[in-house]
Amino acid sequence: MSAELQNHLADEVAIQITNMNKWYGDFHVLRDINLTVQRGERIVIAGPSGSGKSTMIRCINRLEEHQKGQIVVDGTELSSDLKNIDKIRREVGMCFQHFNLFPHLTILENCTLAPMWVRKTPKKEAEELAMHFLEKVKIPDQANKYPGMLSGGQQQRVAIARSLCMQPRIMLFDEPTSALDPEMIKEVLDTMVTLADEGMTMLCVTHEMGFARQVADRVIFMDQGQIVEQNEPEEFFNNPKSDRTKLFLSQILGH
Amino acid sequence: MKNSKSVAFVREGMIDQQPAPASQIGAVRWLKDNLFSSVLNSILTIISLLVIFWVLSGIVPWMFGGVWNASSLSECRDILNERYGNTHYACWAVLTERWQQLLFGFYPAEEIWRAVVAFVLMLVAIAPVLFESVPRKLLWVTIAFPFLMVWLVWGGPIWGPLLVALGFVLFYVSYVVLERKSSTLLALIGSLVIGLVWWMFCVGPLSEALGSALPIGDLERVESRVLGGFMICVIIGLSGIALSLPIGLILALGRQSNLWVVKAICVGFIEFIRGVPLITLLFTASLLLNYFLPPGTAFDLTLRVIIMVTLFSSAYMAEVIRGGLAALPKGQYEAADALGLDYWQSQRLIIMPQALKISIPGIVNTFIGLFKDTTLVMFIGIFDMLGLSNAIRANSAWNGINWELYIFIGLVFWICCFSMSQYSQWLERKLRTGHH
Amino acid sequence: MTTMIDPPKAAGFHISQLLYDTRYRSMTIQVIVFLLVMGLGAYLLNNTIINLAAADKDIDFGFLGNRAGYDINQLLIPYSSDSTHWRATIVGLLNTLLVAFLGCILATIIGVVAGVLRLSKNWLTAKIMSFYVESFRNIPVLLWILAFFAVLSEMDRKPRSFRGEDAVNNMWLWDSVAVTNRGTYIPAPIWGDGSALVVITFLLSLLGIWAYGKWSHRRFEATGQILPNFWYKLGIFIVPSLAVFFLLGRPIALSIPEIKGFNFSGGLHIRNSLLALWLALSFYTGSFIAEIVRSGILAISKGQTEAAAALGLRPSRTMNLVILPQALRIIIPPLISQYLNLTKNSSLALAVGYMDLRSTLGGTTLNTTGRELECMLLMMMVYLAVSLTISTFMNVYNNSVKLKER
Ligand SMILES: Nc1ncnc2c1ncn2[C@@H]1O[C@H](COP(=O)(O)OP(=O)(O)O)[C@@H](O)[C@H]1O
Ligand SMILES: [Mg+2]
C-alpha cells in the first residue's frame with residue numbers, strides 16, 4: 001500500500017478493531033473481535049444480554065481495557081499511553097443506559113463542564129455551544145434546572161447534548177432507550193436520527209429494530225463475546241444467515 | 001314505604017359530620033392509647049411515674065432552693081442553714097462567681113470581648129456551610145474566619161494572619177494559571193511549592209516589617225496557656241475538624257485507590273489511629289512530639305494538641321468520606337471518564353461535591369464525638385472546663401463542690417451536642433427525601 | 001484488508017512514559033509516594049535518634065524485666081511491688097480487659113432494654129428512654145465517669161454506719177451485698193476440693209443445651225413438633241450442676257462480707273473506681289447501643305411484621321424468627337464498633353485512679369523509669385492488638401452472615 005493511499009484510508013476509517021480479546025479474570029468476554037467502521041457509518045449492535053456488547057463499545061473509549069489485539073480510533077492507537085487515551089476520549093462521545101448526568105450540576109453546567117476543563121474553552125463560549133446543542137435536542141428552556149427535575153427522556157437528550165458539546169467525531173450509545181418509558185423512547189430516537197442524518201459516525205447498542213432499519217448502514221449481531229453476523233439491515237432482518245441470529249430475531253420480534 | 005326488595009338506593013340528604021364518641025377522641029383516647037392500652041402497658045406507666053417522681057423529688061428542691069450569691073462554699077452553707085436548717089440544696093453561687101472562667105479560662109477579663117466576637121463570627125461563618133438557604137455571600141466570612149479567629153484570639157498585629165491568608169490567594173491564583181497550562185496534578189504541585197515558599201520564607205520577615213511600619217489592628221497578645229474553658233474546646237474541636245477534612249479526604253481517596261502502596265499506607269494509618277485511644281495520642285503530643293522534631297523546636301502545647309487531634313479525627317473523617325464515595329453510583333465515574341476529565345478533575349468537579357454532601361451528617365457526628373473528646377485535654381494540663389472545675393475545687397473557698405460545676409459543664413456540652421445531632425438528623429432526612 | 005494502518009511502533013522506552021503510560025504511571029506514583037513516606041519516616045526517626053542521644057537515652061525494652069516497685073490496688077493475677085514492670089503491664093492489661101468486658105455486657109443489656117423500650121407503645125416509657133439516650137449521648141463520657149465516681153464516693157453510706165443494732169444503713173440481698181462509699185462488697189466463692197468437677201459439669205451442661213437446641217430443631221424440621229424448649233433447657237442448665245454440687249458435698253462455699261470494726265472483711269471488694277468506670281462506660285455506651293438497636297428494629301419491622309402476620313405467625317414468633325435475625329445483621333457491625341469505643345474509652349480510668357494498662361505501663365512505670373518512648377510505643381501496640389482482635393471477630397462474623405445471604 002502506498003503511503004498516500006494509506007493516509008487516505010486512515011482518514012476514511014473511524015475505528016479499526018483488530019483481533020481484540022478481553023478477559024474478566026479468566027472469563028473470556030470478547031473473542032477475536034474484528035471491526036472496521038468507516039467515517040460517517042451508522043452501526044447498530046444487537047445481541048442477547050451478557051453477550052459483550054457493552055464491553056466492546058466501552059473498550060473503544062477505554063472505559064474497559066482490552067488485553068490483546070489492537071484498537072485504532074481516528075488514526076490513534078489505543079494503548080496504555082495516557083495522551084492517546086485523552087485524545088481519543090475527546091474524539092469519542094458516549095451515552096449511557098442510565099444517562100449518568102451529574103445530579104449536583106445544572107443542565108447547562110453539565111454541558112459546559114467538559115469543554116471548559118478538558119478543552120479549556122472560555123466559559124461564555126462553552127455556554128453558547130451548550131445552548132446550541134440543547135436547542136438541537138429541543139430542551140433549551142430547561143438549561144437552568146437540575147437533572148433530577150427532568151423526565152427520563154429529557155435526561156437522555158441532555159446526556160446526548162453533553163457529549164455533543166465536546167464536538168466528538170464518533171458517538172457511542174449503550175442502550176440509550178432501555179431505561180425509558182415507552183412514550184419517551186421516541187423523543188430520544190428522533191434526536192439520534194437527526195444526528196445520524198447529519199453524518200455523525202455512530203455505534204449504537206440497541207434493541208430498537210425500527211431505528212436499526214431506518215438509519216443503520218450495518219447491523220452487527222453478537223453472541224458469547226463474538227461477532228456472529230453482520231449485514232445491511234434489510235438483509236439482516238429479512239434473511240438472517242446464522243441460527244443464533246434467527247433465534248434472537250424470532251424472540252425479539254416474535255410477539 | 002320503600003319496596004324492600006329493590007336494591008336501588010338514592011341518598012336524599014347528606015349526613016353531617018357527627019362528633020366521635022368520647023372514647024375515640026381527646027385526652028381520654030390519648031391516655032388509653034398511649035398509657036393504658038394493656039395491663040403490661042399500665043404497669044409500665046406506673047413504674048415510669050414512680051421513677052419520674054423519685055428523680056424529680058430528689059432534684060427539684062435541691063435545684064430550685066439553691067443559693068446564687070455567696071463567695072465561698074462555707075458562706076453558702078451558712079445561708080442554707082439559716083434558710084432551711086440543713087444544707088441539702090445547691091450552691092449555684094460558684095457559677096455566679098466563676099462562669100466567666102469556665103467559659104473563657106484565664107483569658108484576660110478586659111479582652112474577653114474578642115473571644116465573644118470570634119464566637120459570633122464563628123456562628124456566622126458556619127451558617128452558610130450548614131444551611132443552603134443562607135446567602136452564599138456569607139461564604140466569604142467562612143473563608144476569612146480562620147485568619148480572623150487567630151488574630152482575635154491570640155492578638156498581635158493583623159499582618160501575620162493577613163499575609164498567611166495572602167499565601168492562600170497566591171496558591172489559588174498560581175494553581176488556576178498553571179492549570180490552564182498543564183495538568184491538574186502538576187498545577188497542584190507547582191502552586192503548593194509557591195505557597196510553601198511564601199509561607200516559610202516571606203511571611204515572617206514581611207509581617208515583622210509591616211508590623212513595625214504600619215502597626216494596624218495591633219491587639220494585645222494573649223498567650224496560649226491562658227486559653228481554657230469552653231473556648232479551648234471549641235478552638236481545638238473546630239480546628240481539628242476543619243484541618244482533618246482535607247487530610248481525611250486524601251486518606252479516603254488513598255484507601256479507595258488501586259495503587260496498593262498508597263492503599264496500604266492509608267489503611268495502615270487509618271487503622272492505627274482508630275485502634276488506639278485518643279488519650280495515648282494526647283500523651284504522645286505532650287511527652288513525645290518533641291522527640292520527633294528537630295532539636296530545639298519547641299512549640300506551643302495547644303498547637304501540638306491540635307496537630308494530634310487533627311490526625312486523630314482525619315482517620316475517622318476518612319471513613320466517613322469513604323462511605324460517601326461508596327454511595328456514589330459507578331456511572332458518575334464512567335461519565336466523567338468518558339468526557340475526558342482526568343482523575344483529579346473528576347474527583348474535584350464530579351465526585352467530591354457529591355460525596356461530601358452525602359457525608360455531612362457523618363462529618364457532623366464525627367465533630368460531636370471530637371467535641372466531647374476535647375475534655376480529655378485536661379489530662380495533659382490544658383484547662384478545659386473539667387480541668388477548671390478541678391482548679392476551682394482546689395481553691396479553699398470552693399473545696400468540696402461537685403455537682404453544680406458538673407451540671408453546668410454537662411449542660412453546655414448537652415446544648416451544643418444535642419443541637420448538632422438534631423441538625424445532622426434533619427439533614428439526613430432531607431438527603432433521603434431530596435431530589436438532587 | 002486486515003490492517004489498514006500500521007500499528008504505531010512501540011519504539012523503545014521513553015522517559016515520559018513514566019508519567020503518561022498507564023502501565024508505568026501507577027508504578028511511578030507509588031514509588032514517589034513510598035519514597036516520600038519513607039523520607040518522612042526517616043526524618044522523624046533521625047530526629048528521634050539525635051534527641052535521644054542529646055538526652056543520653058537509648059531505646060531499650062530491658063527495663064520491663066526490672067522490679068516495678070509500686071503497688072496496684074486491684075489484682076486479677078498475683079503481683080507485688082517486687083514483681084517486674086512486665087508483670088505490672090499484664091496486670092494493667094487484665095484490668096483494662098476486665099472493665100471492658102463487664103462494660104460490654106452491661107452496655108448491651110442497657111442498650112437493648114432502652115432501645116426496645118424506646119419503641120414501646122407506652123408514651124411515658126418511650127419518653128423516659130429518649131431522655132436517657134439523649135442525655136448520655138450528648139455529654140462527654142469523662143464527665144459521666146467523674147459524676148458516677150462522685151455519686152459513689154459521696155453517698156452517705158460509710159462502712160461504719162452499717163455497725164451495731166441500730167445501724168443507719170443496711171446490707172442488701174439478705175445481708176450479702178454491702179454498698180458503701182468506700183466500694184461495694186459482694187460474696188466471693190471459696191473453691192474447695194472437687195469444685196473443678198462442678199464447674200466442668202456446668203460447662204458441659206451449657207454444651208448440652210446447645211446440642212439439645214440443635215437436636216430439637218432437627219426434630220422440629222422432621223416432624224413439625226414444637227417442644228417446650230425453654231423448660232427443657234432450663235432443666236439442663238440447672239439440674240446436673242446442682243446434682244454434682246450436692247453429691248460432692250457442696251465443695252463451693254461463699255465468703256460473705258461482714259462488718260468487722262470500722263470496715264468490712266470477707267467477700268470481694270469492688271472499688272468505687274472500677275464501679276464508677278464500669279457504670280459510666282456502660283450507661284454511656286448503652287445510649288449509643290439503644291439507638292443502634294432501635295434503628296435496627298425499625299429498619300426491618302415495617303413490612304416484615306405485616307408479611308409475617310399475613311403468614312399467620314404469632315407476634316412472639318415473628319420477633320424470633322423474622323425480625324431479630326434480620327435486625328441482628330444490621331445491628332451487629334455498629335455494635336462491635338461500640339464495643340471498640342468502650343474498650344478505648346476505658347483508658348479514661350485515669351480520671352478515677354483505676355489501675356488499667358494506661359495507669360500501670362503508661363503511668364507509674366513510665367514515670368518511674370523515664371522511658372516515655374518505649375512505654376508509649378508498647379501501650380499503643382497493646383491497644384492496637386486488642387482493637388484489631390475485636391474487629392477481626394467482627395469481620396469473621398460479618399462474612400459468615402454475608403455467606404448465608406447469598
Ligand atoms: N466488571 C466485570 N467483571 C466481571 N465480569 C463482567 C464485568 N462486567 C461485565 N461482565 C460480564 O461480561 C459479560 C458481558 O457483559 P456486557 O458487555 O455488559 O454484556 P451486554 O452489554 O451485551 O449485556 C457478562 O457475562 C457479564 O457478566
Ligand atoms: Mg449492556
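The model is predicted: local features need pLDDT of at least 70, side-chain atom pairs count only at pLDDT 80 or more, and totals for chains, interfaces and linings use all residues. Residues are numbered from 1 along each chain as its sequence is written, chains are lettered from A and ligands numbered from 1 in the order in which they are written, and side-chain values use heavy atoms, with hydrogens and water left out.

In chain C, 53 residues are in contact (heavy atoms within 4.5 Å) with 52 residues of chain B. About 4800 Å² is buried between the two chains. This is the accessible area (1.4 Å probe) lost on putting two parts together, summed over both. Carbon and sulfur atoms give 72% of it. C:Gln30, C:Asn138 and C:Met380 supply 12% of the area that chain C buries against chain B, more than any other three residues.

Helices H2 (22–54), H4 (123–137), H5 (141–154), H8 (272–310), H10 (357–369) and H11 (372–405) of chain C each supply at least two residues. The largest share, 13 residues, comes from H2(C).

C:Ser241 lies in helix H7 (residues 229–247) of chain C. Leaving aside neighbours within four places in sequence, C:Ser241 contacts C:Val198, C:Thr201, C:Phe202 and C:Ser205.

Conventions:
Helices (H or I, at least four residues) and strands (E, at least two) are DSSP runs, numbered from the N terminus.
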